[in-house]
Amino acid sequence: AWADAAESVMTRLLARRPMKEVRPLLKEADELLTSLGATELAQRSRFLLIGFNQRMEGFAKALAAALKGGATGALQRLEAALELVVDHALAAHEPARVEDVEMAARLARWLASESEHPSRPAASLADAATAYRRRGGYVDWARAQVWEGDTVAALGKSYSTVWQAVSSAREDENRRFAELLANWIKTGSHDQSVIRVEHLIERVIAPLAKRHPMLLVVIDGMGMAVFRELQRDLVGRGWVEIDSAEDSQRLPVIAALPTVTEVSRTSLLCGALTAGNASDERAGFSKHPALVAAGSRSKPPILFHKADLAGDGTAGVASNVVGAITGDKQRVVGVVINAVDDHLAKGDQIRVDWTVRRIKPLDELLAAASDAGRAVVVVSDHGHVPEHKTTGRGEESAERWREAVGSPKDDEVLLSGPRVMLGNGHRIIAPWSERVRYSAKKNGYHGGASPQEVVIPLGIFTPAGVAIEGWVEANSETPDWWEPEIEEIVQTVKPA
């Protein structure tokens, strides 16, 4: 009864008081337990500070064991250790650390599934791109969460081990992807199981606009990993992801090359392979025949860039942008958001959670679209590789591509063909390895030949309750290993 009363009081304190007022009490409890020589029992408590770290250490040991493989029940013990961490009362006050633990468990499950049922090397670019959309983006999202380590030394060490194992597998996949990409652009494949970025308007956006008013949101530099994180937030906010009932549009979109804004974003918005700037994009978008046909000639498609979105003397999005979205005359509205690309250009080492609130001014744009009942297409122009232990070669001013002079190194590939819009003779050399950069250190880089840069995310969403003829709610793309199997969860968790 005494224990129940103490836990009840602590639960109320944690819910109502700031942690700075509660922590001294928890520290006093830790000291009392230590004075009794019973510190090792702290993990049995859902409240003790020492106990939380002990549970984290327990997870670290279980993770290390699971990564070694071969031990019967290693994954089940990992799930049990994870449950102990999540069940601790202080977990709610350490959400980032707890999410890191969950991501590490996901990577361990993925590695175990790959060990048990190894994926065959992709036979085509379409296969490789589809695998990256359905699986690789989730892997990279989780991988980016754990590389910063943890204040618990044992856990930081286990994180490093899992990161190394996953990154080694990623490099093998990157090499194969780049080989397939080089052959694909050289032979001029017209495989319809991928969407070329310059065909996105014709194949997806215009047909949707014919059926329903829509908002196109191009988030410059957003790769699949960032999209998966943003997608979770969008669904959590009540947005419904949809897909064509007849012909699924949840396909990988392939960037133009090199994977830079002036090439791939301009090609996307103009509907043709080209290199240009914001003015070219605005003109090409407003005159695209398929988009014009989807709406009214008196209100042609309109595109807003970063400078257009700034409020007219007040906070928030400019009133003419909001008016275009909420009005019923403008069938197609497009906006370009530079939040991800702007972050990559910096070197501030700030960890970013990619949510609607974080990507300004996405929150206000989505609110306007929701009020108007518009469908929202979320896409990018290219992805990126984040900065983590890259090696700078200082060969060119470009981040991840160079002129095709000499032969490519072992971690590079020669890209040659009509999709290559820069370089002499439609030829460039680009790294497939995520560990190579040619420019100064930043938060991230693009221009290369990895799937992180080449495979563009695409998601189509509607406000809850909005139905579009021929379109249905999409099934989840979350891979099986993202969450534990129900039977693997230990019902009664007892600390060792």
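1. The protein chain exposes about 22,200 Å². Carbon and sulfur atoms supply 51% of that area. Accessible areas come from the Shrake-Rupley method with a 1.4 Å probe, and for residues only the protein chains shown count as cover.

2. This is a predicted model: local features need pLDDT of at least 70, side-chain atom pairs count only at pLDDT 80 or more, and totals for chains, interfaces and linings use all residues. Residues are numbered from 1 along each chain as its sequence is written, and side-chain values use heavy atoms, with hydrogens and water left out.

3. The protein chain has 17 helices and 17 strands (DSSP runs: H or I of at least four residues for helices, E of at least two for strands, numbered from the N terminus). Its radius of gyration is 25 Å, close to the 23 Å of the globule rule for 496 residues, so the chain is as compact as a globular protein of that length. The radius is taken over C-alpha atoms, and the rule is 2.2 Å times the number of residues to the power 0.38.

4. Of the 496 residues, 52% count as buried (under 20% relative accessible area; exposed is over 50%, partly exposed in between; 1.4 Å probe, protein chains only).

5. The largest nonpolar core has 98 residues. Such a core is a set of buried Ala, Val, Leu, Ile, Met, Phe, Trp, Tyr and Cys residues joined through side-chain atoms within 4.5 Å. L181 and L415 have the most contacts inside it. Beyond four places in sequence, L415 is in contact (heavy atoms within 4.5 Å) with residues including L181, I185, L257 and A449. Apart from this core lies another, of 45 residues, among them L14 and F47.
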